[in-house]
Every structure is written in structure tokens, then in C-alpha cells.
Amino acid sequence: MMTAVSPTAAHPTKAGIGLRARHHVDIVESRPDIGLIEIHAENYMGGGIPLAHLERARALYPVSVHGVGASLGSANGFDPAHIERLAALVERVEPALVSEHLAWSGSPGLYLNDLLPLPYTEHSLDVVAANVGRVQDALKRQILIENPSLYLAYADSPVPEPDFLGALVRRTGCGVLCDVNNIYVSCVNLGGNPVAYIDALPPEAVRELHLAGHTAKRIDGVPLLIDDHGSPVTDAVWSLYERAVARFANAVTLIEWDTDVPELATLIGEAAEADRRARTARGSGDADARAA
Amino acid sequence: MHALPELQMDFADSVLSGVTADRLADAIRPSPIAAADRIGIYRNHFAITLTESLGITYPVLKALVGERFFAQCARRYAQTHPPRSPVLFEYGRAFPVSLADAAGSGFAYIADVGAFEWAVNHAYHADDSLPVGASTLARIPAERHGDIVLELHASAQLVISRYPVVDIWRANQPDAAEATIDLDAGGVRVLVWRNGIDVVWQSLTQPELAFVAAVLDRSALIDACTAALTIDPTFDAGGALRNLFAGGAVAGISLPT
């Protein structure tokens, strides 16, 4: 299917952070040196104070609109009213990037408030591709699709996830939001090689990278990672990020933190660390050192 | 093999009911962690995040019944009343009644305090609209004023209770001083709306309530006035109208053709 894909705003070169309600005032007043802000679309689908804060922040930074509720993997279709609201928000915010997830969340009229796993088959590829096409048509622009954190695998799921995303890119013209933490979490939880995963993604399609923290748990005595976005990025994920950021030259990085959201300074520190590692990994570290 | 629609239906049932159908368990790749436990991770996330969401919408209810009881009821509510849409600030309108039922007799006021919190939350998030000034009325010939239909701001909502719910709400704000409230101290009739970005409310007399309720129902002004005048023949319609305009509560004026 063909989709009208609009050119997006010039890509920020510095990492960004998720805009959370507790930082609404702080970020506009302190104007930290970050590349962009990302909002959860569903939190800004009304008016009043949240939208007023967003208007002030978007005057200062490029915005990424990150949806969590489109349910692109739903076999029963998705809620057209919700996509209309997303389209209205995108029209108003004029974001640099728009993204959603490779997941499903219910069916029209039922929202299970989670990014539920899909089996990766030819049939589910048809379903997701059709839904991505519908959303891109409604938004009149490209969207990026993010790999989810997985806690289970289906017995019948023959297509590896990065290949599934690659096929989606070819069929719909969408881009990829590569969540490095999610790759790590899924590979630990289900077995898999995170480096091979990154190497299997189509490099030119990856426009954004996500970084976040996770929590280690044990279930039935087996270690399991929970993607709760409530702590600093771990060393293992930073290492993987260095590989990803070197490979995906067109991607902007974003720090997510949603649980026990800390002071703004902590998020800015994580973004600065991402910038430092990106410079080194992309090979301009020496030039920066000389300039300093 | 499981077709995708059935797989998703079984998965949704498992998240909501806690029971994992055999054919769903069979569709999950065997591992040292049981299939039901793996789905349990998603079920747990569903319950925890919706409990948090209800806690954001109803902080006073949480303070009144205690965190534990609130969480128990929120979890059950999430399973029996799952969200219809991903916009979670619109989730949970019926939760206060469900919470009050669970709390038992003597806690009926909980439902009404929740109704006020809902109205405040609704007003906080409602879509923006530009207020219309009273001067707009001057453009309409006086003899047609009775036919006017006012459109109130999308945030406007009435809360009526036989309990002093606004006092209870105020006493349970984070910065409130210790207070003792008599549940029989008298009820409230308030219109809650948003003026610009500020959530505001105003107490209404019985005839004012009749007037505003009719306006909210999109009755013509003449009918709204009649409803109020039936209760109190001295009702000041002009004053009631001026209050709505001055408070930024009017978003539109129309005349049926």
C-alpha cells in the first residue's frame, strides 16, 4: 500500500527526554540543553493545563508524539475515533516524529492498557501492515513502530521480530523506533542475541532510539526482567546502545522514565550520557576532545 | 492452531478473569515459567497501572478509604469495568459508586465525593474552547432572546449531593488543615467548570440549579427561565446569565432557525 509520507523536521542531534507532568514547569523555566521532548499522546488528548504546558514546551523543543493506545496488532481492527483524536493532536503539535508500538491492546471498545505480544506470522504481518497503513493515511505522515518488551513467546511465531519490523517497513513505508532496553529485556526473558537483533534491523529505517531502566525479578525461580522505566539505564543496555547508535546514523535518542519519575536533572544527566556515548560510538569523540 | 482473533480474545479473557484457557496456554512456547504465570505479568501490569490511574483521578477517595482498600476495589473495578479507550483521564466514572458499594452502609457519601472529584477531573482535562462574552447577546434582537440556546464549556458539570462533599474534598487536599466535618451539615448543588485553565465551581440555589440544568440540556433560555421561575417567582434570570458569561462558562450561542 502507498502512504503519503511527509518530510519531517530536521533531526535533533542531541538526545531528548520524555515530558512528564511533574517537569512541566521546570523544563520551560530551566530550558535544559536537550534535543527534543517526547509526549505520550493519550495524556494530551484533552485541553486545559496539560495542553497549555505542552504548547509552552513545544515552542522550545521539537516534539515526538508517542502513542500507546492504537493497538496496531489488533485482529479486530482498531477504534477509528481514537485515531481521529491522534490525528487532531498531531495536526496541532506538528511533531518531528510520531510513533506507536508493535503490539495489540484489546479490540474496539476494550482497552487492556498494556502492549500485548503478537505472534509473528505472515497473517499478523498482514494485520499490522493494514493498520499501520490506515494510521499513516489518517495522519498523512510516516509513523515509527517500536519493538515491545516481551514476557512470552508464542509456539507458532516463525518470523524473528527484527525481520517482522523490516517487512513492515517495506510494506508500509513506516520507520522503526528501536527501543534498546526492550531488545535487551526481551532477549533475556525469551532467549536471543541482542547484538544480532540490532544488526538485523534495516539501518536506514531506524529514526529513533529509546533508552530506559528495567527491574530484575524472579518468577518460579527463573530470572525475568520487567520493563518498568523506573531506574537508570543499565550498563548492559548502554553497551548495546553504543552498537545501535553507531549503526543507526539517522536516529535520535530519547530517555524514557515513567515510574517514580525523578528530578529533571536526573533525566538530563541520562540524556547527556547518551550524547557522550553516541559521540564516541559514532567516531567523533576525538574531535570533541580536541575542541574541549 | 489458533487464529489471531481467537488468540486475542482468549488473551483478553485471561487478563480480565485470571483464568487462562488451555488452548491459550498451548499457544505459548513452553519454558521453565508456566504460560499462566507469563500472562500473569501482563495481567498484573493491567491492574497496577489502572489502579494508579484511578488513584490520580480520585486522590480524595484514596485518602478517605485508605490505600489498601482503594487498591483492592480498583483492581476489581479494572477487571469488571475495563477501559473502553486508551485516554485514561476519561476512565473510571462509575468507580465511586462501586467503591461506595464495597465500603458498605454508612459510606454512601463516598460515591458523592467521587462524583465531585470526577467533575473536577473532567473539568481539568476537557477540551479547550474560547469563552463567549455577554456582548454577543446584544447582536441578537431582544424579542428573540427567549429562543437562544447556550452552549456551556465542555467542562461544565453539575454535582448534587445531600452531603457536604465540597468541604470533604477541601479537607482532604494535601495542604489542608485538620478538620472535622459533620456529614449531616447540609448538601451541595454546584456547577463545576473550567475558566481558562482554572477549574472553578459555584454553589447554586434551587432555582439557579433548575436554570443551569435546563441550559445544560440545551433548552431555550425561555424554558430555562420558566423552570427556575416555577420554583421561585422572583428568580433573577439576568443575574444568572451574567454569572455564566462572567465566569467564562459560555462557549457558544445559537438561535434555532
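Biologist: What covers the buried residues of helix 9 of chain B?

Modeller: This is a predicted model. In it, the cover over the buried residues of helix 9 of chain B includes strand 1 (149-152), strand 2 (157-161) and strand 3 (188-195) of chain B. Helix 10 (221-231) and helix 11 (237-246) of chain B are also part of that cover.

Biologist: And which residues in helix 9 of chain B are buried?

Modeller: Helix 9 of chain B spans residues 206-216, and its buried residues are B:Pro207, B:Glu208, B:Ala210, B:Phe211, B:Val212, B:Ala214 and B:Val215.

Biologist: At what angle do helix 9 and helix 10 of chain B pack?

Modeller: The angle is about 160°, and the axes of the two helices are 8 Å apart. Angles over 145 degrees count as roughly antiparallel, so helix 9 of chain B is roughly antiparallel to helix 10 of chain B. Their crossing is right-handed.

Biologist: Which residues meet there?

Modeller: From helix 9 of chain B come B:Gln206, B:Pro207, B:Glu208, B:Ala210, B:Phe211, B:Ala214 and B:Val215. They meet B:Asp223, B:Ala224, B:Cys225, B:Ala227, B:Ala228 and B:Ile231 of helix 10 of chain B. Sorted by class, this contact has 10 nonpolar residues, one polar and two charged.

Biologist: What is the phi of B:Arg218, which follows helix 9 of chain B?

Modeller: The phi of B:Arg218 is positive, near 65°.

Biologist: Now chain A. How many strands are in its closed barrel, and in what order do they run?

Modeller: The barrel has eight strands, in the order 1-2-3-4-7-8-9-12, with parallel pairing. On average, neighbouring strands of this sheet are turned by 25° against each other, direction ignored.

Biologist: Where does helix 8 of chain A touch that sheet?

Modeller: Helix 8 (residues 235-247) of chain A touches strand 8 (175-179), strand 9 (206-211) and strand 12 (252-255) of chain A. The direction of helix 8 makes about 170° with that of strand 9 of chain A.

Biologist: How many bridges join strand 1 and strand 2 of chain A?

Modeller: Strand 1 (residues 16-18) and strand 2 (residues 37-40) of chain A pair in the parallel sense over two bridges. A:Gly18 has A:Glu38 in strand 2 as its bridge partner.

Biologist: Next, the two chains together. How many residues of each are in contact?

Modeller: 38 residues of chain A are in contact with 37 residues of chain B. Among the elements of chain A that give two or more residues to this side are helix 2 (48-58), helix 4 (122-139) and strand 11 (222-226). Strand 6 of chain A gives the most, with six residues.

Biologist: What classes of residue does that side of chain A have?

Modeller: The side of chain A that touches chain B has 20 nonpolar, 13 polar and five charged residues.

Notes: Residues numbered from 1 in each chain as written. Chains lettered and ligands numbered in written order. Predicted model: local features only at pLDDT ≥ 70, side-chain atom pairs only at ≥ 80, totals over all residues. Buried ≥ 20, exposed ≤ 12 C-beta atoms within 10 Å, placed from the backbone. Helix = DSSP H or I, 4+ residues; strand = E, 2+ residues; numbered from the N terminus. Contact = placed C-beta atoms within 7 Å. Pairing = 2+ DSSP bridges. Axes fitted to C-alpha atoms, helices over the stretch in contact; angles between N-to-C directions. Nonpolar A, V, L, I, M, F, W, Y, C, P; charged D, E, K, R; others polar. Parallel < 35°, antiparallel > 145°, perpendicular 65-115°, else oblique. Left-handed = near helix turned anticlockwise from the far one by under 90°.
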